[in-house]
Structures are given as C-alpha cells and as structure tokens.
Amino acid sequence: MTSIVYIVSDSVGETAELVAKAAMSQFEHSYFELKRVPYVEDEGTLKEIVQLAKQQNALIGFTLVIPRMRETLLKEASVHNVPVVDLIGPLIQKMSTVYNKVPKNQPGLVHKLDADYFQKVDAIEFAVRYDDGRDKRGVLLADIVLIGVSRTSKTPLSQYLAHKKMKVANVPMIPEVKPPQELFHVSPAKCIGLTIQPEKLNDIRRERLRSLGLKENAGYADPGRIHEELAYFEDVIQRIGCHVIDVTNKAVEETANLILSVVEHTNKA
C-alpha cells in the first residue's frame, strides 16, 4: 500500500522534501509517494491540500515561514483530523527565543543565500583563471578589466572585487608585449587603468626584490625602467579611453570602492 506525503512550502520545497526523504529511508519495505506543492501563497490552496490529504489518508509535511500561513494550515488540519508536521516553524521559534532575535519570515531566503554564494565562487574562480593576462578571452567576459604595470595591486583588487560578485580580469602592461586586441574591442566603461607614482612604485618593487632575496638594483626596480613602463601604460590607456585611478598610498579596499563607484556611475551615464 502506498503512503502519500504532501510536501507544502511557500518556496521551492526542497528543504521539506529532503527531510521527508531522510525520514522515509528509515522504513523498510514501505513505499511512500511524495507530492510536492511549492510556492503556496494563499490560504485557499492550503485548504484544498488539506481536503486532498484527508481523502487520501495522507500526511502533510510543510515549511511555511509566514506565521499566518502556518496557523491556517494547522487549524485546517486540526478541523479535518489530518496529520501534519511543521518542519521549520519550531526551529525558527526556538532560535528566536534562545537568541532573542526576530525572524524575517520571508520565503526563499535559503535559495537566495545559495545563489549569492555560488555567484561569489564563480567570480573568485574567474579572477584566478584570468589573472595577469593569462587568457585574453577574460577581457571579453569580465565585468571589470583592470589594467596596470606590475605591483599596482591588480591581483588583490581582482580577488577583493570577486568577493563583491564581480568578475574581474586584469592585464599587465609590459612595453615588450603588445596589449591584447580585446582591450580595444570592449566598452571603455568596464576598463579601469591603475596608475601609481614612480617613486612609490620603486619602493614597492625594491621591497619585493628584497623579499625574494634578490638585489635591489635589479632592472625591475630601476627608475628608468619604471618610467618606461608607466609611459607605455599611459599610451595604451589613452587609446582605450578609460578611467584611471591613482593607487599611490591607497589601501585595496579604498581602491576597490572607487572602482565600483566609477563603474556604477559610468553604466548609469
């Protein structure tokens, strides 16, 4: 004989279904039929479900976070002697009492959190994949493209912005290497140039060489080389026609907020 279980939810109903299946797995030689009823928004639907459950001798398991809807279902089930199980209400109430917090009582928040999480993960993976110009295709796919010479915080900025769910590609400016043509085929609105004062860049690069156990007077930190790189950067940026931010003495968080502000303003224009 088939035992019917209605799964009722004001959202997708996946949470209730998973709990029901976990419970069902504890019974051998029994066949359960799950009937999921998602996105229930009105009391009339709840009353109809109770009537169906009554006719079929079914059990109702539900995750309704709106108190009015929970009360309606419990009342109707009591009147018609239909067994019901509140799968989330008692936990919400207990957490509210123990931690002295007021619940939002909004359906679907779990899935919104999941969506935000996976969007952030995608952005982080994107930043790694298209870091330092590894794959020029990233320029076309990115929400933001950072352009700058070495040690202008392109990578940490890409990662920081990824946590804001922005897909960021960054492209290094090296005089001996032609910039990818993709830079000139995307909207300048999503490109951001990162510049820095030569003296500051010299200090940063010398410190970098020291940390690697190399001599400070290497070409990487040579003032002439730095000026050459910055001049090349300026030339490319002028050709693109994008916004430029001076990162000298700016923290990553500060620069990131400026980038987001520029991109938002440009997109609205």
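Author: A nonpolar core is a set of buried Ala, Val, Leu, Ile, Met, Phe, Trp, Tyr and Cys residues joined through side-chain atoms within 4.5 Å, and the model to which this term is applied here is a predicted one.

Reader: Which element gives the most residues to the largest nonpolar core, and how many does it give?

Author: The largest nonpolar core has 37 residues, and those with the most contacts inside it are Ile-144, Ile-147, Met-173, Ile-192 and Ile-259. At least two residues of this core come from each of S5, H7, S6, S7, H9 and helix H10 (252–268). Among these suppliers, the one that gives the most is H9, with 7 residues.

Reader: Which strands stand at the edges of the open sheet, and why is one side of each left without a neighbour?

Author: The open sheet is formed by 4 strands with parallel pairing, in the order S6-S5-S7-S8. Each edge strand has a single partner strand, so one of its sides has no neighbour in the sheet, and the strands placed in this way are S6 (168–172) and S8 (243–246).

Reader: In S7, which residue is the bridge partner of Leu-146?

Author: Strand S5 (residues 144–148) runs parallel to strand S7 (residues 191–195), and 4 bridges join the two. Within this pairing, the partner of Leu-146 in S7 is Ile-192.

Reader: What angle does helix H9 make with S7?

Author: Helix H7 (residues 154–162) packs on the sheet, where it touches S5, S6 and S7, and its direction makes about 175° with that of S6. Helix H9 (residues 223–240), for its part, lies across S5, S7 and S8, and its angle to S7 is about 160°.

Terms used. Residues are numbered from 1 along each chain as its sequence is written. This is a predicted model: local features need pLDDT of at least 70, side-chain atom pairs count only at pLDDT 80 or more; totals for chains, interfaces and linings use all residues. Side-chain values use heavy atoms; hydrogens and water are left out. Two strands pair if DSSP finds at least two bridges between them. Contact means heavy atoms within 4.5 Å. Axes are lines fitted to C-alpha atoms, for helices over the stretch in contact, and angles run from 0 to 180 degrees between N-to-C directions. Buried means under 20% relative accessible area, exposed over 50%, partly exposed in between (1.4 Å probe, protein chains only).
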